[in-house]
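User: Can you walk me through this one? I'd like to start with the sheet and then look at the helices.

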Amino acid sequence: MSVQAIDRGLENETIHILRETRERFERPALLWSMGKDSTTLLWLARKAFFGEVPFTVLHIDTSYKFPEMYRFRDRYSKEWGLDLTVVRNEAALEAGMGPDKASKLECCTALKTNALQQGIRDGGHDAVILGIRGDEHGVRAKERVFSPRDASFAWNYQDQPPEFWDLHQATVADDGHIRVHPILNWREIDIWEYVRAEDIPLPELYFAENGRRYRSIGCQTCCKPVESRANDVVDIVLEVRSAKEGERAGRAQDKEDAAAMQKLRALGYM
């Protein structure tokens, strides 16, 4: 197998959505987890606005991320001049919430969903830009590019606005907000081919060491590496093309309950 040219149509679509978001909303924010998808989205935002990111960048910090992710965040938030806000659910953490104290659903609700709601509320954000992809999880495939949330941050997945001919719904209900998904149409392989073409920096966790690497990163306690010898981006592109197992097979919250992601997203999760 050989490495192919990337699809610039996806890049153009994403840049258009980012610029549309900047035009239509007063206080948008972009979520950055330091994973490959949100870092690629951040790279595209810098490209869309000529090296600047005209949004607040939110990092929802559970306190359980890999040390490599925190180092990556601190380095590139400074190098790229980001307006970074780190949000933690301090009350839940002080009360002892963690992956070894509750179910994955309860832990993610407290440390991710509730923290995200706090960040949106405190920042007065009327739009939140996320780097989710439709192929990543069946529930995320139900999303729209512009997806409304109500005042309680809930997602009504059974009643979503149509998006015909790339026309996006951007009406915000009272005290609600819009979730914007600029890379919803990208696949995992599209991300890696774009990372290769653009030479986008990523945490070293993605690259094989001692025969193992991570395909998906998040909380250290909830991620498992896969067997791999791919220690550069070209090898990862070739590996992803031939992979038989899903990208999130090592993510604990996807294994615990088949409906867990649906519940989390309905409550306002990423």
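Predicted model: local features only at pLDDT ≥ 70, side-chain atom pairs only at ≥ 80, totals over all residues.

User: What is the strand order in the open sheet?

Analyst: The order is S3-S2-S1-S4-S6-S5. That is six strands, with mixed pairing.

User: Which are the edge strands?

Analyst: S3 (84–87) and S5 (146–149). Each pairs on one side only. From one strand to the next, the twist averages 30 degrees.

User: How do S2 and S3 run, and how many bridges join them?

Analyst: They run parallel, joined by four bridges. Take Leu 58: its bridge partner in S3 is Thr 85.

User: Switching to helices. Which strands does H2 lie across?

Analyst: S1 (28–31), S2 and S4 (127–129). H2 runs at about 135 degrees to S1.

User: And at what angle do H2 and H6 pack?

Analyst: About 50 degrees, with the axes 10 Å apart. That makes H2 oblique to H6. Their crossing is left-handed.

User: Which residues make that contact?

Analyst: H2 brings Lys 36, Asp 37, Thr 40, Trp 43, Leu 44 and Lys 47. From H6 come Glu 188, Ile 191, Trp 192, Tyr 194, Val 195 and Glu 198. By type, six are nonpolar, five charged and one polar.

User: Last one. Is Thr 21 buried or exposed?

Analyst: Buried, because its relative accessibility is 0% and the cut-off is under 20%. Thr 21 sits in helix H1 (residues 8–24).

User: What does Thr 21 touch?

Analyst: Leaving out residues up to four places away in sequence, Thr 21 touches Pro 28, Ala 127, Ile 129, Phe 146 and Val 180.

Conventions: Residues numbered from 1 in each chain as written. Heavy atoms only, no water. Axes fitted to C-alpha atoms, helices over the stretch in contact; angles between N-to-C directions. Helix = DSSP H or I, 4+ residues; strand = E, 2+ residues; numbered from the N terminus. Parallel < 35°, antiparallel > 145°, perpendicular 65-115°, else oblique. Left-handed = near helix turned anticlockwise from the far one by under 90°. Contact = heavy atoms within 4.5 Å. Nonpolar A, V, L, I, M, F, W, Y, C, P; charged D, E, K, R; others polar. Buried < 20%, exposed > 50% of the residue type's maximum accessible area, 1.4 Å probe, protein only. Pairing = 2+ DSSP bridges.
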